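Let's take a walk through this structure, one stop at a time. Keep the viewer open and follow along.

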Amino acid sequence: MLQVDLIGSEEGWIGKSRLKAKICLVGEAGVGKTSLIRRFVLDQFDSKYIKTIGTKVSKKSVHLYDKGREREVEVVLTIWDIMGQEGFRELLKNAYFAGANGILAVCDVTSTESMNKLDGWLDRTYKIAGDVPISILINKMDLIARHQVNDEILDQFCKAYDCSRFYTSAKSGENVQPSFIDIATRIMMEQKHMRSDMIAIIE
Ligand code: GDP
Ligand code: MG
């Protein structure tokens, strides 16, 4: 569940508020979920493939500014990473998706199969987490030129699930920060019924 703390808010809206949000990464094994989290949280990349065993939870805050209420909002993201293997996934999915406030569905730009399989992931997620903000991350963009990307399948998913879309590279860092900030912002907007033009990014 989302939790909002107001800090020092006696003077109307002056002060800072904190919002906690759970984000889950989904997608086939090897698409770069663990690497994206590593890039976002530690600003590092490792070309070794370290298999995620079970789930791993990382934490990182983003700082947004709510112009309407003149206060800073710290969104504390708890980022859940899951192992890609089918059996394990089935076993863990309820605990994994329960209480999720946002989903990052990741595919590998060099693998059409990983894009096709997003549908299953999104469907499963939707059933457990409900109608939460979703983004599709098309990862490993360092391996391909933008004009070579076939957007057809992605267009369908984005329409069906009302997703944002980011072309990322955990290796170069391209678009990684914006994709996490976007989902944090959308989660905050859902919570506050805010307008997007009222939110500025501090960090
Ligand atoms: P996961 O199974 O989805 O967690 O995938 P990993 O994060 O473990 O990444 C799988 C492999 O892809 C690793 O060898 C990573 O180094 C590599 N990888 C991940 N992201 C990128 C990227 O953006 N570009 C490139 N070239 N390789 C990547
Ligand atoms: Mg992993």
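Predicted model: local features only at pLDDT ≥ 70, side-chain atom pairs only at ≥ 80, totals over all residues.

Now back up into the helix itself. Helix α4 covers residues 118-129, twelve in number, and its first and last C-alpha atoms are 16 Å apart, close to the 16 Å expected at 1.5 Å a residue. Which residues of α4 are buried? They are Leu118, Trp121, Leu122, Thr125 and Ala129. Looking down the axis of α4, you'd find these buried residues within an arc of 95°, so they line one face of the helix. On the face turned away from that buried side sit the exposed residues Gly120, Asp123 and Lys127.

Next, the core. In soluble globular proteins, nonpolar side chains tend to be buried together. Here the largest nonpolar core has 49 residues, and the ones touching the most other members are Cys24, Leu25, Val75, Ile103, Ala105 and Ala184. Take Cys24: setting aside neighbours within four places in sequence, its contacts are Trp80, Tyr96, Phe97, Ala100 and Ile103.

Last stop, back to phi. Most residues other than glycine have a negative phi. Lys140 isn't a glycine, yet its phi is positive, about 70°. You'll find Lys140 in the loop between β6 (134-139) and α5 (152-161), and it counts as buried because it has 23 C-beta neighbours inside 10 Å. Asn175, also not a glycine, has a positive phi of about 65°. Asn175 lies in the loop between β7 (164-167) and α6 (176-192); with 19 C-beta neighbours inside 10 Å, Asn175 counts as partly exposed.

Note on methods:
Residues numbered from 1 in each chain as written. Chains lettered and ligands numbered in written order. Helix = DSSP H or I, 4+ residues; strand = E, 2+ residues; numbered from the N terminus. Expected span 1.5 Å × (residues − 1). Buried ≥ 20, exposed ≤ 12 C-beta atoms within 10 Å, placed from the backbone. Arc of directions from axis to C-beta. Core = buried A, V, L, I, M, F, W, Y, C linked by C-beta atoms within 7 Å. Contact = placed C-beta atoms within 7 Å.
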